[in-house]
Amino acid sequence: MATVTYVRTIKFVAEILEDPELLQAIVSNDDNLSYGSIISVYTGDDESVTALTDDGLDELEQMLKDARRTSQEWNDFLDSFVDDELLVARIKAKSPR
């Protein structure tokens, strides 16, 4: 594995890929991406931001691409990976049918 020399914050990744709340919900479970792909960057005593390595970004992009093959797969993905029912409802309402 190559040495990690930089990471991208979830906020920045959201500008590229998807809704920031959805991405945060996905990466909040470390099991959703490979070990080491999700990085916590501490910015203060009790403050941190989540960031992704290149591998994490690639995995997340592929995960979202696979989930969006059909509307049923997308709905199943949201129901499986996001615990926040209001967020799921908001994302489903924005999704094309």
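**Exercise 1. Which helices do the buried residues of helix 4 pack against?**

Before we start: this is a predicted model, where local features need pLDDT of at least 70, side-chain atom pairs count only at pLDDT 80 or more, and totals for chains, interfaces and linings use all residues. Residues are numbered from 1 along each chain as its sequence is written, and side-chain values use heavy atoms, with hydrogens and water left out.

*Step 1.* Get the helix. Helices (H or I, at least four residues) and strands (E, at least two) are DSSP runs, numbered from the N terminus. Helix 4 covers residues 71–81.

*Step 2.* Pick out the buried residues, with buried meaning under 20% relative accessible area, exposed over 50% and partly exposed in between (1.4 Å probe, protein chains only). In helix 4 they are Trp74, Phe77 and Leu78. They span an arc of only 95 degrees around the axis, so they sit on the same side of helix 4. That arc is taken from the directions that run from the helix axis to the C-beta atoms.

*Step 3.* Look for partners, where contact means heavy atoms within 4.5 Å. The buried residues of helix 4 pack against helix 2 (20–27), helix 3 (54–67) and helix 5. Zoom in on Phe77: leaving aside neighbours within four places in sequence, Phe77 is in contact with Ile26, Met63, Leu64 and Ala67.

**Exercise 2. Find the largest nonpolar core and say which elements supply it.**

*Step 1.* Set the rule: a nonpolar core is a set of buried Ala, Val, Leu, Ile, Met, Phe, Trp, Tyr and Cys residues joined through side-chain atoms within 4.5 Å.

*Step 2.* Apply it. The largest such core has 23 residues, and those with the most contacts inside it are Leu52, Leu60, Trp74, Phe77 and Leu78. Helix 1 (10–16), helix 2, helix 3, helix 4 and helix 5 each give two or more residues to this core.

*Step 3.* Check helix 2 by itself. Its buried residues are Leu22, Leu23, Ala25, Ile26 and Val27. Their cover includes helix 1, strand 2, strand 3 (47–52), helix 3, helix 4 and helix 5.

**Exercise 3. Which side-chain oxygen reaches a backbone nitrogen at the start of helix 2?**

*Step 1.* The oxygen belongs to Asp19, and it comes to within 2.8 Å of the backbone nitrogen of Glu21.

*Step 2.* Asp19 is in the loop between helix 1 and helix 2 and is buried, with a relative accessible area of 11%. Glu21 lies in helix 2 and is partly exposed at 47%.

*Step 3.* List the neighbours, skipping residues up to four places away. Asp19 is in contact with Ala14, Leu87, Arg90, Ile91 and Lys94, while Glu21 touches Leu87 and Arg90.

**Exercise 4. Is Asn32 buried or exposed, and which backbone oxygen does its side chain reach?**

*Step 1.* Asn32 lies in the loop between helix 2 and strand 2. At 16% relative accessibility, Asn32 counts as buried.

*Step 2.* The Asn32 side chain reaches the backbone oxygen of Ile26 at 2.6 Å. Asn32 also touches Met63 and Phe81, again not counting residues up to four places away in sequence.

**Exercise 5. Describe the chain as a whole.**

*Step 1.* Count the elements: five helices and three strands, in the order β-α-α-β-β-α-α-α along the sequence.

*Step 2.* For 97 residues a compact globule would come near 13 Å; the chain has 14 Å, which agrees. Its C-alpha atoms fill a box of roughly 40 × 30 × 25 Å along the principal axes.

*Step 3.* Check burial and contact range. Of the 97 residues, 33% count as buried. Among contacts between residues at least 6 apart in sequence, 51% join residues at least 24 apart.

Key: Rg over C-alpha atoms; globule rule 2.2 N^0.38 Å. Polar contact = N/O pair within 3.5 Å; in protein donor to acceptor, adjacent residues only side chain to side chain.
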